[in-house]
Amino acid sequence: MLFRSPRSASFGRIPPDAFRERVLTLTNNSGRPFRLHLGDLPSGADFKYQLVETIKGQEYKLFVNTLPAYKPGTHRTLATVKTDVKGQEEIKVNTYALVPERLDVNPPSISLKPPRGKGSRTPRAVTKVVQVNNYGARPVQLLGATSSDPAVEVETHVVQPGRRYRVLVRLPAGYQPSAAGAKIG
């Protein structure tokens, strides 16, 4: 049987112009030599693949590269490696990257889940953290943030000037939002 590490080629969140590489190792555990080759990729694949035999008949490396420039959104390709190993003729490799919008707010909303049986209020004061990231070419200044609910305190911090900011949203003990919720802006 064949063993691969890691199981997929996940790039996570990347900027639209990012060149990244992931390497998967495909190792032969069957005790006899094997051969691999790449199957046909879907048309318009968002990634480039190269399969290299590193130990004859025993190990291959699958190099997976991003192909910038990406549009914002989820980019996914399912690649197939063909084998001559009986019972394991194909290995599917899921490749994934998320390209955020120029300005990315994460999480985009905050939900409150009080403990079961405790009503709909937060039992104690809670601070939620919201990240604001600029993936654009030009810097952005976050001058501050406010809440539409005076009971909610908001504080901003510069993590990386022009690029990353942290917004702390402080909810008091016993806080219960209105039916419409509160907005941070």
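The cut-offs are under 20% relative accessible area for buried, over 50% for exposed, and partly exposed in between, with a 1.4 Å probe and protein chains only. The model is predicted, so local features need pLDDT of at least 70 and side-chain atom pairs count only at pLDDT 80 or more, while totals for chains, interfaces and linings use all residues. Residues are numbered from 1 along each chain as its sequence is written, and side-chain values use heavy atoms, with hydrogens and water left out.

Stop 1: The term means a side-chain nitrogen of Lys or Arg within 4 Å of a carboxyl oxygen of Asp or Glu. R13 counts as partly exposed, at 37% relative accessibility.

**Stop 2: the sheet.** Show strands as cartoon. Strands here are DSSP runs of E, at least two residues, numbered from the N terminus. Four of them form an open sheet in the order 2-8-7-4, with mixed pairing. Strand 2 (9-13) and strand 4 (36-38) are the edges, each pairing on one side only. Two strands pair if DSSP finds at least two bridges between them. Strand 2 and strand 8 (residues 90-99) run parallel, joined by four bridges. Pick G12 and look across: A97 in strand 8 stands opposite.

**Stop 3: the cores.** Select L26, L36, L62, V64 and V81. These have the most contacts inside the largest nonpolar core, which has 23 residues. Such a core is a set of buried Ala, Val, Leu, Ile, Met, Phe, Trp, Tyr and Cys residues joined through side-chain atoms within 4.5 Å. Strand 8 gives the most to this core, with four residues. Apart from it lies another core, of eight residues, including V130, V152, Y165 and V169.

Stop 4: Go to E90. What does E90 form with K82? A salt bridge, with the closest N and O atoms 2.7 Å apart. E90 also meets K92 in a salt bridge, 3.6 Å from N to O. Shared partners join K82, E90 and K92 into one network. K82 is partly exposed at 28% relative accessibility. E90 is partly exposed too, at 38%, as is K92, at 40%. In total, the structure holds four salt bridges.
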